[in-house]
Protein chains: 2
Amino acid sequence: MVYETKAVVRRRTLRDALIAAAERAIEKEGLRGMKARELAHTVGCAVGAIYNVFTDLDDLIFAVNALTLEQLEKTLTVAGGDTADPHADAIKALVHLGLAYTDYATANTRRWRVLFDHRLPDGKQVPTWYTANLARLFVYIEEPLRKLAPALSPARRALLARSLFSAVHGIVLVGLEEKLQHLPLPVLREQVTVMVEAMAKGLAQDSK
Amino acid sequence: MVYETKAVVRRRTLRDALIAAAERAIEKEGLRGMKARELAHTVGCAVGAIYNVFTDLDDLIFAVNALTLEQLEKTLTVAGGDTADPHADAIKALVHLGLAYTDYATANTRRWRVLFDHRLPDGKQVPTWYTANLARLFVYIEEPLRKLAPALSPARRALLARSLFSAVHGIVLVGLEEKLQHLPLPVLREQVTVMVEAMAKGLAQDSK
DNA sequence: GGAAATTTTGAACGTTGTTCAAGACTATGG
DNA sequence: CCATAGTCTTGAACAACGTTCAAAATTTCC
């Protein structure tokens with residue numbers, strides 16, 4: 001049987017529709033706005049049907065997060081190095097990445113928040129594919145970092161890439177935090193630029 | 001009437017007991033573990049009694065967060081500058097602050113997470129006193145920062161202090177994230193040290 | 001001491017996510 | 001093309017949650 005059976009098609013259609021509905025719900029009201037009954041209503045199925053396609057709502061959230069990560073990664077195109085000055089190029093590339101991250105988070109705050117906000121009930125394990133996908137965010141940083149500090153061992157470079165990502169993530173996170181004064185986008189972008197440049201220069205200085 | 005009436009005493013006693021119960025619940029199972037009926041049972045009151053003392057569970061969470069912030073601030077004692085080299089002193093002080101933050105977050109992960117994880121339902125405002133308390137975390141950084149880059153205007157210094165805090169916060173947050181590989185404390189401390197030093201050196205370099 | 005005011009109580013309400021027996025549908029063999 | 005075995009879908013029902021509120025208990029005040 002090469003062709004898909006009706007049931008399989010229906011299943012995937014429902015799956016996609018539910019994901020789309022969840023995306024819209026999250027974008028409009030955040031994780032709180034994603035409710036089983038509401039999703040079922042908007043896609044026109046019974047509440048129980050959700051659980052034929054996803055084991056959990058948590059499972060559905062992970063599916064949305066996977067798409068969010070895809071979206072996010074698409075915006076993280078590395079700026080081509082001019083190769084005139086590899087050092088300056090690397091710094092430029094890092095700033096570019098940081099600003100792209102800032103822009104995505106600002107434009108898609110609720111979706112982006114769910115990537116990290118969502119907490120599983122005690123005992124439940126995060127899917128390994130999700131961990132791997134998230135960790136891929138660090139990889140984008142490794143290449144410029146290699147240019148910036150070539151002497152670094154791969155392990156240390158990976159660790160530093162993670163820390164660089166985390167630092168920018170923190171700046172954006174706190175910058176967009178409602179519990180504090182919301183920073184206007186231009187100010188936030190400037191802070192990211194200044195901090196990434198500082199980190200890059202400081203790290204390069206270290207490894208000399 | 002100088003002396004407190006019985007009702008007022010009871011009220012405050014109940015308030016404190018509920019806060020204590022909430023603290024224990026959060027420490028054991030996070031925000032999810034803090035349930036109205038369970039709190040009422042552990043302090044020996046009716047569920048409804050909670051709502052005589054707090055308007056919401058959110059209100060109770062803010063009360064716990066206030067205590068958490070107090071605890072946290074107590075650990076952020078600034079290391080005395082040796083005044084031999086103000087530049088090096090400033091960097092040391094910043095690293096010290098970062099490590100203190102790291103240590104508190106590691107030792108009290110659940111409590112600490114609630115400071116930032118807790119999200120209000122749409123429309124509800126964060127109490128201004130809470131915003132002010134949180135923002136006080138940035139202030140600790142301003143003094144070393146002044147030594148590091150004296151030319152900075154107060155406004156820019158405040159902004160940079162916020163960004164420095166945010167960067168460290170991000171590193172710790174991602175470092176302790178279950179959705180990624182948990183970094184062992186020594187590794188995390190080292191990353192914080194390296195990154196704070198890099199940021200400090202980079203910023204100092206800029207302002208020369 | 002007794003009336004008025006206040007606080008405490010816990011059953012009840014509205015919303016959650018999730019389940020599961022019953023009914024509807026689909027796939028397959030004759 | 002039909003009957004039947006298997007599968008999927010349904011939505012009422014369940015448990016657990018935060019929150020409310022009329023009644024009961026307590027405290028306050030003269």
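This is a predicted model: local features need pLDDT of at least 70, side-chain atom pairs count only at pLDDT 80 or more; totals for chains, interfaces and linings use all residues.
Me: Why is Thr102(A) called buried?

Reply: A residue counts as buried when its relative accessible area is under 20%. The value for Thr102(A) is 0%, so the residue is buried. Thr102(A) lies in helix 5 of chain A, residues 86-107. Beyond its neighbours within four places in sequence, Thr102(A) is in contact with Val172(A), Leu185(A), Leu188(A), Arg189(A) and Val192(A).

Me: What makes helix 6 of chain A largely enclosed by the rest of the structure?

Reply: Seven of the nine residues of this helix (residues 109-117) are buried, and therefore helix 6 of chain A is described as largely enclosed. Among the buried residues are Trp112(A), Val114(A), Leu115(A) and Phe116(A), together with Arg111(A) and Arg113(A).

Me: Which parts make up chain A, and what is found where they touch?

Reply: Chain A is divided into domain 1 (6-54) and domain 2 (64-206). Nine residues from domain 1 of chain A and six residues from domain 2 of chain A take part in the contact. The two domains bury about 720 Å² between them, with 72% of that area on carbon and sulfur atoms. Two salt bridges are counted between these domains.

Me: How do you know that chain A and chain B have the relation of a two-fold axis?

Reply: Chain A can be laid on chain B by a turn of 180° and a shift of 0.0 Å along the axis, with an RMSD of 0.0 Å. That is the relation of a two-fold axis. Furthermore, 98% of the interface residues of chain A are also interface residues in chain B, so the copies meet through the same surface.

Me: What is found between chain A and chain B?

Reply: The two chains bury about 4400 Å² between them, 56% of it on carbon and sulfur atoms. Arg119(A), Arg162(A) and Lys179(A) supply 19% of the area that chain A buries against chain B, more than any other three residues. Eight salt bridges are counted between the chains. One of the salt bridges joins Arg119(A) to Asp117(B), whose closest N and O atoms are 3.0 Å apart.

Note on methods: Residues are numbered from 1 along each chain as its sequence is written. Chains are lettered from A and ligands numbered from 1 in the order in which they are written. Side-chain values use heavy atoms; hydrogens and water are left out. Copies are superposed by least squares on the C-alpha atoms of residues with pLDDT of at least 70 in both. Contact means heavy atoms within 4.5 Å. Helices (H or I, at least four residues) and strands (E, at least two) are DSSP runs, numbered from the N terminus. Buried means under 20% relative accessible area, exposed over 50%, partly exposed in between (1.4 Å probe, protein chains only). Domain bounds come from an automatic or database domain assignment. Buried area is the accessible area (1.4 Å probe) that two parts lose on being put together, summed over both. A salt bridge is a side-chain nitrogen of Lys or Arg within 4 Å of a carboxyl oxygen of Asp or Glu.
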